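The exercises below concern one protein chain.

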Amino acid sequence: MQATLGRLKGAVAVAFVVASITAAAPVAAQEVDFSGQTVEWWVPFSEGGGSDVWARFFAPYLSRHLPGNPNVIIRNVPGGGSITGTNEFAARARPNGLQLLGTSGSTQFPFLLGDTRVRYDYADFEPVLVSPTGGVVYVPASAGVADASELGELVDTELVYASQGATSLDLVPMLAFEVMGLNVRHVFGMTGRGDGRLAFERGEATIDYQTSSAYLTNVAPLVEEGSAVPLFSYGVLDAEGNVQRDPSFPEIPHFVEAYEMMHGEPPSGVAFEAYKAFFGSGFAAQKPAMLPGNTPENIVQAYRDAFSAAAEDPELIASSGEVLGDYDQAVGDQVVDLYKVATTIDPEAREWVRTYLSENHSVMLD
């Protein structure tokens with residue numbers, strides 16, 4: 001009887017020790033399994049827009065590569081230029097791996113500018129994917145310049161840009177033109193970059209930019225026929241945050257190169273730092289996917305591993321051209337640094353932009 005009691009006590013002790021070890025094990029070491037679960041990928045835009053298309057493209061691959069192959073559905077929460085849905089996610093999303101947020105540069109911009117409507121802080125989210133895109137600035141052949149090396153000849157010419165708004169993604173070309181020293185009059189009211197291109201083709205606008213896919217589809221033919229001249233791309237950022245040539249347009253100089261051609265030295269100063277912040281947020285790291293803050297480390301890692309696997313999935317690679325372009329997706333260890341570029345700005349640079357918008361375009365953000 002005593003022997004039996006001794007063995008029972010020993011078994012209880014061993015079980016207690018095992019349970020204690022399991023409870024004390026690092027969260028990262030615990031297995032993640034989403035079997036039978038549904039992941040809601042929040043998109044703070046309407047169906048059919050660029051961010052919606054991007055999320056719906058990635059969703060089946062995320063499902064395929066997350067542990068347990070959960071169902072991944074898109075939840076559109078539009079309103080307030082994407083601020084409404086992002087505010088709601090920040091307030092309500094639970095850190096259990098079943099709710100994911102995908103935003104865009106037009107969500108990052110109000111945050112960077114200190115818009116008082118914003119109730120979210122990108123520092124509180126856990127990034128698991130960042131998708132870049134690109135853009136090319138061009139002028140009509142009638143402007144009389146052959147390429148970026150002749151930009152200086154445009155200094156005394158008033159150029160016209162058809163804009164969607166001073167705080168939209170068109171803030172990036174606005175700051176680019178300002179830093180470059182070009183004399184550009186911004187005409188607001190366009191509902192999309194397609195409208196801006198049509199204004200260019202009608203001769204109403206004399207400088208324009210298009211994102212990579214739209215440029216390749218609609219502007220490259222104008223260049224080939226000799227009616228449009230590319231000046232510079234915005235470029236892309238490498239892992240160290242340095243601007244490099246856009247892989248979709250390796251023959252076109254990026255903004256920094258074009259500036260050096262025009263001014264004989266690289267750009268610097270607070271205005272350039274402001275441009276870099278919004279370029280990074282609007283293009284080089286345009287679309288981040290994030291989990292709520294305080295999501296356990298093992299779940300965050302499972303998502304990062306899943307997006308890494310998705311980016312290498314042969315089926316995704318074969319079908320990604322129209323949605324993702326020729327750009328490497330920031331996944332795994334790369335995601336943190338590029339995310340920081342997209343979601344942070346030096347306070348002095350922020351104040352410079354706010355003052356610039358107030359004094360030049362009557363934009364009041366308070």
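A residue counts as buried when its relative accessible area is under 20%, and as exposed when that area is over 50%. The model used here is predicted.

**Exercise 1. Describe the chain as a whole.**

Solution. 
Step 1. Begin with the accessible area: of the 366 residues of the chain, 50% count as buried.
Step 2. Turn to secondary structure, where the chain has 14 helices and 12 strands.
Step 3. Consider the extent of the chain. Along the principal axes, its C-alpha atoms fill a box of roughly 105 × 45 × 40 Å.
Step 4. Residues 24 or more positions apart account for 78% of them.

**Exercise 2. Identify the domains and state how they are placed.**

Solution. 
Step 1. The domain assignment gives domain 1 (38-132 + 285-347) and domain 2 (135-282).
Step 2. The centres of domain 1 and domain 2, taken over C-alpha atoms, are separated by 27 Å.
Step 3. At the contact between the domains, 16 residues of domain 1 meet 18 residues of domain 2.

**Exercise 3. Characterise the largest pocket.**

Solution. 
Step 1. The largest pocket holds about 990 Å³ of space. Its lining consists of 39 residues, and those closest to the centre are Gly50, Thr211, Ser213, Gln286 and Lys287.
Step 2. Sort the lining by class: 23 residues are polar, 11 are nonpolar and five are charged.
Step 3. Find the contributing elements. At least two residues each come from helix H2 (50-65), helix H6 (193-201), strand E8 (208-211), helix H7 (212-224) and helix H12 (321-324). H7 provides the largest share, six residues.
Step 4. Relate the lining of the largest pocket to the domains: domain 1 and domain 2 each supply at least three residues.

**Exercise 4. Locate the nonpolar cores.**

Solution. 
Step 1. The largest nonpolar core has 71 residues, and Leu151, Tyr234, Tyr275 and Phe278 have the most contacts inside it.
Step 2. H9 gives the most to this core, namely nine residues. The core draws at least three residues from each of domain 1 and domain 2.
Step 3. Take Leu151 as an example. When residues up to four places away in sequence are not counted, Leu151 touches Met180, Leu182, Leu231, Phe232, Ala258 and Met262.

**Exercise 5. Is Asn294 buried or exposed?**

Solution. 
Step 1. Apply the cut-off. Asn294 is exposed because its relative accessible area is 73%, and exposed means over 50%.
Step 2. Compare sequence with space. Asn294 and Asn96 are 198 residues apart along the chain, and their C-alpha atoms are separated by 9.1 Å.

Definitions and conventions:
Residues numbered from 1 in each chain as written. Predicted model: local features only at pLDDT ≥ 70, side-chain atom pairs only at ≥ 80, totals over all residues. Heavy atoms only, no water. 1 Å grid on protein atoms, 1.4 Å probe; cavity = no way out; pocket = protein on both sides within 12 Å on 5 of 7 lines; lining within 4 Å. Points joined across faces, edges and corners; volume = space filled by probe spheres on them. Helix = DSSP H or I, 4+ residues; strand = E, 2+ residues; numbered from the N terminus. Nonpolar A, V, L, I, M, F, W, Y, C, P; charged D, E, K, R; others polar. Domains from an automatic or database assignment. Core = buried A, V, L, I, M, F, W, Y, C linked by side-chain atoms within 4.5 Å. Buried < 20%, exposed > 50% of the residue type's maximum accessible area, 1.4 Å probe, protein only. Contact = heavy atoms within 4.5 Å.
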